[in-house]
Amino acid sequence: MSSPPAKIRKEETKNNGQNVAEVEEDVNQVAVQAIDSVQSEIDALNEQASEEILKVEQKYNKLRKPHFDKRAKMIEKIPHFWVTTFLHHPQVSMLLDEQDEEALQYLTKVEVQEFEDIKSGYKILFHFKPNNPYFENEVIHKEFHLNDSGDPSSQSSAIKWKPGMDLTKRNTAVQQKGMAQKRPHTDSESFFCWFNDHTDAGADELGEVIKDDIWPNPLQYFLIPDGKDEGDEDSEAGDLDDIAEYGEEDDDEDDDEDDDEDDEGEEGLEDFEGEGDEEDVPEEDEDEEGDA
């Protein structure tokens with residue numbers, strides 16, 4: 001009796017001497033090359049889209065500028081507009097103490113200027129009144145740059161502090177005057193230290209907040225009512241509790257009124273029954289008189 005044929009193993013050669021594993025590897029390689037070719041086409045389209053989006057942004061930045069200028073003139077008519085806006089912003093307000101707030105009372109204009117090549121960076125300018133008692137500059141700025149390799153950097157104008165008024169030095173005469181700090185910093189740094197801080201330009205949160213959140217629509221923060229905080233939620237919850245309690249009291253009063261009405265109704269029935277008995281007696285008397 002002949003033995004059964006041996007099973008063909010996957011390692012056995014097929015397709016002109018190649019084994020199955022080699023064939024699968026070749027197929028995968030061809031597929032990867034095809035996907036890579038398609039991906040290159042997608043990347044080219046993305047780059048083209050970025051260039052066109054950049055042109056659109058540049059176009060609309062020019063269209064927006066006269067509106068920003070018009071808005072700035074209107075804002076200058078409102079006293080302390082910008083410091084109020086900063087104090088109402090949940091992130092920026094945490095960076096301000098009372099001395100910073102006093103200095104920002106002289107702030108008349110905030111401006112964000114994007115460079116012609118938007119991808120290369122932007123500039124933030126703060127305009128102050130000429131009679132600012134803290135420093136001589138009427139304009140201080142900080143700008144952010146991205147070089148061709150994408151490395152971020154920043155630079156700013158030097159603040160020319162008046163004698164004894166440098167808020168970036170906490171041991172100055174201003175602090176020694178005993179001014180209370182109602183919003184103290186944990187690190188005791190002034191808001192104005194931001195202009196001299198160039199350690200991590202690529203992660204400058206304050207610059208991004210001013211550029212992307214406050215600058216497009218500062219009115220939304222200026223109009224926030226004073227004292228609007230988490231405590232208001234508690235008060236609202238308290239109001240709801242009061243309303244609920246008030247509703248329960250009304251229900252109790254209604255129940256009491258219903259009980260009173262029921263009592264009055266029973267008394268009315270008793271009166272009605274009593275009145276009926278009184279009316280029956282005279283009729284019987286009349287009958288007796290008639291019989292007599």
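Colleague: What covers the buried residues of H2?
Modeller: This is a predicted model, and H2 spans residues 81–88. The cover over its buried residues includes strand S1 and strand S2 (121–128). Helices contribute as well, among them H1, H3 (98–104), H5 (205–214) and H6 (219–222).

Colleague: How many of the eight residues of H2 are buried?
Modeller: The buried residues in H2 are Phe81, Trp82, Val83, Thr85, Phe86 and His88. H2 is largely enclosed by the rest of the structure, because the buried residues number six of the eight.

Colleague: Is Thr85 buried or exposed?
Modeller: Thr85 is a residue of helix H2. A residue counts as buried under 20% relative accessible area. The relative accessible area of Thr85 is 0%, so Thr85 is buried.

Colleague: Which residues is Thr85 in contact with, leaving aside its neighbours within four places in sequence?
Modeller: Contact here means heavy atoms within 4.5 Å. With the neighbours within four places set aside, the contacts of Thr85 are Ile214, Pro218, Tyr221 and Phe222.

Colleague: How far apart in space are Thr85 and Phe222, C-alpha to C-alpha?
Modeller: In sequence, 137 residues separate Thr85 from Phe222. Phe222 is also among the contacts of Thr85. From C-alpha to C-alpha, the two are apart in space by 4.4 Å.

Colleague: Is His80 buried, partly exposed or exposed?
Modeller: His80 sits in the loop between H1 and H2. Its phi is positive, near 60 degrees, in a residue other than glycine. Buried means under 20% and exposed over 50%. With a relative accessible area of 36%, His80 is therefore partly exposed.

Colleague: Where in H1 does the kink lie?
Modeller: H1 covers residues 20–75. The kink is about 30 degrees and comes shortly before the proline Pro66. The residue at the kink is Arg64.

Colleague: Which residues in H1 are buried, and what covers them?
Modeller: The buried residues in H1 are Leu54, Gln58, Ala72 and Ile75. Their cover includes S1 and helix H2.

Colleague: How many cavities of 30 Å³ or more are there?
Modeller: Rolling a probe the size of a water molecule over the atoms shows where empty space is left. The largest cavity holds about 30 Å³ of space. With 30 Å³ or more as the cut-off, the count is one.

Colleague: Which element gives the largest share of the lining of the largest cavity?
Modeller: The lining consists of Phe68, Ala72, Ile75, Trp82, Lys109, Val110 and Trp215. Two or more of these residues come from each of helix H1 and strand S1 (107–114). The largest share is three residues, and it comes from H1.

Colleague: How many residues of that lining are nonpolar, polar and charged?
Modeller: Lys109 is part of the lining, and Lys counts as charged. The lining divides into one charged residue, no polar ones and, as nonpolar, six.

Colleague: In what order do the elements of the protein run from the N terminus?
Modeller: The protein has four strands and seven helices. Starting at the N terminus, the order is α-α-α-β-β-β-β-α-α-α-α.

Colleague: What percentage of the contacts with a separation of 6 or more is between residues 24 or more positions apart?
Modeller: Of the 292 residues in the protein, 25% are buried. The accessible surface is about 20,800 Å², with 49% belonging to carbon and sulfur atoms. Among contacts with a separation of 6 or more, the share from residues 24 or more positions apart is 58%.

Note on methods. Residues numbered from 1 in each chain as written. Predicted model: local features only at pLDDT ≥ 70, side-chain atom pairs only at ≥ 80, totals over all residues. Heavy atoms only, no water. 1 Å grid on protein atoms, 1.4 Å probe; cavity = no way out; pocket = protein on both sides within 12 Å on 5 of 7 lines; lining within 4 Å. Points joined across faces, edges and corners; volume = space filled by probe spheres on them. Bend = angle between axes of the 7 residues up to and from the residue. Buried < 20%, exposed > 50% of the residue type's maximum accessible area, 1.4 Å probe, protein only. Areas by Shrake-Rupley, 256 points an atom, 1.4 Å probe, with all protein chains shown as cover.
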